[in-house]
Amino acid sequence: MPALSAEIREKRYKGTGAAPPRVALAGLSLEVAAGEFVALVGPSGCGKTTFLNIVAGLDRQFAGAVRIAARPDGAPARVGYVFQEPRLLPWRTVAENIALVLEPQRSAVVDEVLDVVGLAGAGDLYPAQLSLGMSRRVAIARAFAIEPDVLLMDEPFVSLDHDTVEQLRHVLLELWRARPTTVLFVTHDLREALFLADRLLLLSASPGHVVAEVPVRLARTQRGNSAEIESLRDEILRHHRQLIGAAAAVPVG
Amino acid sequence: MVVAQRAPSWLRASALVQRIGSVALFVAVWQVAASAAGSRMFPTAGAVFAALVRECVDGPLLFHLGVTLARVAAAFVIAMAVGSAIGIVMGRSRTIDVLFDSWLVLLLNLPALVIIVLAYVWFGLTEAAAIGAVAVNKIPAVAVTLREGARALDRRYAEMADSFRIGRWRTLRHVVLPQLYPYLFAAARSGLALVWKIVLIVELLGRSDGVGFQIQVFFQLFDVTRILAYAIAFAAVIQVIEWAMFQPLERRAGRWRH
């Protein structure tokens with residue numbers, strides 16, 4: 001049984017005022033195995049965030065079904081969410097932000113996860129004192145702190161400089177190796193997806209649905225070699241022209 | 001970090017000096033003008049302070065002041081609690097907002113005196129009617145302020161709280177309330193300013209103790225000296241509450257802003 005399966009027959013936004021009704025997702029179905037790292041790649045506006053919100057249970061106005069496997073002890077699965085903006089409460093310290101999502105008896109985990117993302121000792125700072133890169137680390141630490149069964153990540157590395165992104169990708173992979181979980185990672189950056197994921201699901205332009213599936217058979221240790229990634233990327237772009245828009249958008253994003 | 005934000009100490013000291021100077025100037029002008037007028041209806045500052053001390057030591061000023069402050073506190077707490085609840089509900093639900101918005105406008109525009117008189121007519125000259133009338137005067141303004149706050153709540157934080165399933169109580173305490181603090185403080189400040197003035201009218205019209213009742217007694221005796229003595233004592237206590245309670249609380253709630 002997959003850790004996560006989703007079948008969205010249709011997700012429609014009601015028109016408001018001048019904006020006409022819009023179908024954001026149509027016939028999007030996917031399955032993710034336990035412990036698998038899946039990247040959803042698609043052009044901007046194809047409904048990626050909408051889909052994650054549905055999986056997270058934030059949006060229930062859709063036709064279809066989302067199933068997340070329960071924990072072995074029968075408890076409902078825990079879902080961690082790393083939003084596109086870090087969404088840390090500005091009036092709480094870093095440590096308080098993480099403790100907020102934990103059961104009180106597990107608050108010792110706070111220092112542990114902060115240490116793993118390289119922010120040991122930053123627990124008493126307020127989010128306004130952090131750079132965007134540091135805030136993103138905290139958001140990732142928070143999501144891992146709950147020991148999620150499914151981890152949703154919505155373009156968690158946009159608007160960062162190249163070096164910071166590199167660092168954060170490594171931090172993420174390290175965390176994921178140490179605390180394996182099922183990951184659904186949304187990005188418009190094909191290189192990023194190829195670097196991180198076990199499997200890519202390519203989405204169409206709006207209304208979004210899966211147009212292709214690309215397993216990445218390259219061992220993660222090999223992926224530092226960018227020539228391999230580049231040739232994979234070229235091949236994918238040759239077959240899926242709608243992603244060219246997404247690829248072109250990378251430097252901007 | 002807070003220390004770095006404060007004005008340098010010499011500037012703060014000079015602000016305090018300026019304030020004291022301003023008050024001293026006021027007292028001096030009062031003293032000179034009253035001496036020149038030489039009327040019993042316009043006592044000098046010295047006479048009023050002497051009366052104030054006398055009323056505190058030998059007279060019933062402290063008792064009446066205590067009674068009035070208790071009414072202020074009760075009416076204030078009720079108005080803040082009820083007004084906040086109404087405001088938050090109206091800010092979150094469009095239907096309820098549309099249904100009751102006109103009620104709020106009507107209540108906002110009803111003169112305080114009308115509410116007080118109606119309260120006494122309908123519920124008798126009781127303590128409950130007195131405190132209730134003061135609270136009702138303040139509730140609509142609190143509701144309007146908190147409705148603004150509830151409308152301004154950031155949905156992104158609510159989604160975060162929701163996706164991590166932190167529960168209603170934690171969401172309220174850590175996500176919702178901190179966003180409402182500025183509105184709560186604004187409502188509390190203007191609330192105190194309104195409540196302590198209306199309480200005197202309520203006491204004057206229908207109670208047999210409190211600062212308002214005493215002022216009515218002195219009014220009948222044309223005893224301006226003691227009217228001013230009571231007024232100054234009361235206003236000073238309210239100012240101290242503002243300084244000692246609201247400002248430190250507000251600083252504490254805002255310490256995350258850098």
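First, the ground rules. This is a predicted model, where local features need pLDDT of at least 70 and side-chain atom pairs count only at pLDDT 80 or more, while totals for chains, interfaces and linings use all residues. Residues are numbered from 1 along each chain as its sequence is written, with chains lettered from A and ligands numbered from 1 in the order in which they are written.

Helices (H or I, at least four residues) and strands (E, at least two) are DSSP runs, numbered from the N terminus. Two strands pair if DSSP finds at least two bridges between them.

Okay, the three-stranded sheet. It's open, ordered E2-E1-E4 in chain A, and the pairing is antiparallel. On the edges sit E2 (22-32) and E4 (63-68) of chain A, each pairing on one side only. From one strand to the next, the twist averages 15°; for angles, axes are lines fitted to C-alpha atoms, for helices over the stretch in contact, and the angles run from 0 to 180 degrees between N-to-C directions. E1 of chain A, residues 4-13, is joined to E2(A) by nine bridges, and Ser5(A) has Glu31(A) as its bridge partner in E2(A). Lying across E1, E2 and E4 of chain A is helix H1, residues 48-55, at about 120° to E1(A).

Now the other sheet. Here six strands of chain A make an open sheet, E5-E6-E7-E3-E8-E9, with mixed pairing. E5 (79-82) and E9 (210-215) of chain A each have a single partner strand, so one side of each has no neighbour in the sheet. E8 of chain A, residues 199-203, pairs antiparallel with E9(A) over five bridges, and Leu201(A) stands opposite Glu213(A) of E9(A). Helix H4 (132-145) of chain A packs on this sheet, touching E5 and E6 (150-154) of chain A, and makes about 175° with E5(A).

So how is chain A split into domains? Domain 1 covers 4-78 + 149-248, and domain 2 covers 88-147; these bounds come from an automatic or database domain assignment. Over C-alpha atoms, the centres of domain 1 and domain 2 of chain A are 24 Å apart. In contact are 12 residues of domain 1 and 13 residues of domain 2 of chain A, where contact puts C-beta atoms, placed from the backbone, within 7 Å. On the domain 1 side, helix H5 (162-178) of chain A gives the most, with five residues.

That's my tour, thanks.

Notes:
Contact = placed C-beta atoms within 7 Å.
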